[in-house]
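Q: Please take a close look at one part of this model: the strands and the turns that link them. How are they paired?

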Amino acid sequence: MKKIHLLLLKSFIRPFVVTFLIVMFVLLMLFLFKYIDDLVGKGFEWYVIAELMLYASATNVAMALPLSVLLSSIMTYGALGENYELVAIKSAGISLRRAMAPMFIVVAILAISAFVFSDYMLPVANLKYYSLLYDVRQQKSAKLLQEGVFTTNFPGAATRVMRKGKDGQTLYDIMIYQKDEQTNNMNVIMAKEGVMYRSPGDKFLVLKLKDGIRYEEKRSETNFDPRQKFVRVRFQSTEIKFDISGLNLKRTPQDEFRSAFVMMNLKQLRHYRDSTEKQVDSTVTQTYKMLSPYVKFFTLPKKSTSIKQPVTPKNNSVLGGMEINEQISTVSAALSEVRSIQDMLKQNETNSKETMKNIRRSVVEYQKKFTLSVACLVLFLIGAPLGAIIRKGGLGMPVVISVIFFLLYHIISTIGEKGVKDGAIPPAIGMWIAIFVLSPIGMFLSYKAATDSALFDMEAYKRFFNRIFKRKAA
């Protein structure tokens, strides 16, 4: 039994590691395709891109791990069935359930590790990933001067270069619109040729211009003359500095992103939910105390058997004893109070809806940390018997079947999660509905695999339908 267990574990661990790396690579490529425009051409160092890809890989574990468990279990038992090793195991008196026991223990350990990862490591990875991704997307392009295009990367200036030399530093036909901070006028500089280079420390971009002309407007030296002077200056050589320190990557403090629910662990999510619910309750209590003095109940006199004459409309009305002017002012004041109360209630309702929406989002992230672990176990219960039934190893049929079941799981869980966020489905149902749907499928496949049922044998279905048609013909 120990040798058989060792054989099964070796048969499972190798495809699991391979499939996990393949799935992580595919998800990482999808990430690069999505944000390729935000990464290329901004002059990032290689370690910035590597750090971002590392954090992106950590955030993809929640999707890669269940798919890898499903695919590797199908491949493992499919290869064992294809090589008749399962037949040999069953002939030795070992049932399929006993053969699945060591692998189930391994998957349970993976599920526990996934829970620990999602509670302790994933919030930190999400915090670093989203903060770095935000800074990367906010970064300006490092293409300082492009040919034939006005560049506004430099503060207070717009620069155009018609052509660059082969060395990338020689410039031809240069035009610069530069704003004067004192006069708020736009100065124009044109040069036939120039050379650009960066200062030490990459703080400034220096342009050495040759054979050019400068147009600028200057105020008169006397305050009595409102006219401005138009000055034209020709130069053989001059230098212009542009501040490029703002083009360096600036990191936003990570504390600004900590309020997101994907960056919280279980303890923080529970604390947020409890404190927010108490805040909602206190807001409702304060609103009631605030409105109760403004709400007045007027009880009208009822008819009594001892009173023979009916009550007159004047005595039956709240405003009966008032003059017409007093009645108008009283009604206007009452309407004004009603409108103010309605506005306050609408504002409180809007705030309450947004608060409840945030509470539901926190519940979603809270439940996700548990559903990830349970999903690994459920998908293993589907993949292992399914591989024993189809008896196909490799990356052909197992990949197709695993993708179908994983898409089914992902679509159902996404619909349930959206329903929970919208408040249409309770969290205990919406976040676990995919588990509730797939668990009976896994039990059914385990039963069919244990009884050697020909679930995917097309000949068995043909014989079944032939018998039905023959009975109908008879």
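A: β1 and β2 form a hairpin with 5 residues between them. In that turn, Gly156 has a positive phi of about 75°. This is a predicted model, where local features need pLDDT of at least 70, side-chain atom pairs count only at pLDDT 80 or more, and totals for chains, interfaces and linings use all residues. Residues are numbered from 1 along each chain as its sequence is written, and side-chain values use heavy atoms, with hydrogens and water left out.

Strand β1 covers residues 150–151 and strand β2 covers residues 157–164. Strands here are DSSP runs (E, at least two residues), numbered from the N terminus. β1 and β2 run antiparallel, joined by 2 bridges. Two strands pair if DSSP finds at least two bridges between them. Thr151 stands opposite Thr159 in β2.

Now follow β2 onward. Strand β3 spans residues 170–179. β2 pairs with β3 over 7 bridges, again in the antiparallel sense. Ala157 has Gln178 in β3 as its bridge partner. β2 and β3 also form a hairpin, with 5 residues between them. Gly168 sits in this turn, with a positive phi of about 80°.

Put together, β2 pairs with β1 and with β3. Each hairpin turn holds a glycine with positive phi: Gly156 between β1 and β2, Gly168 between β2 and β3.

Terms used. Helices (H or I, at least four residues) and strands (E, at least two) are DSSP runs, numbered from the N terminus.
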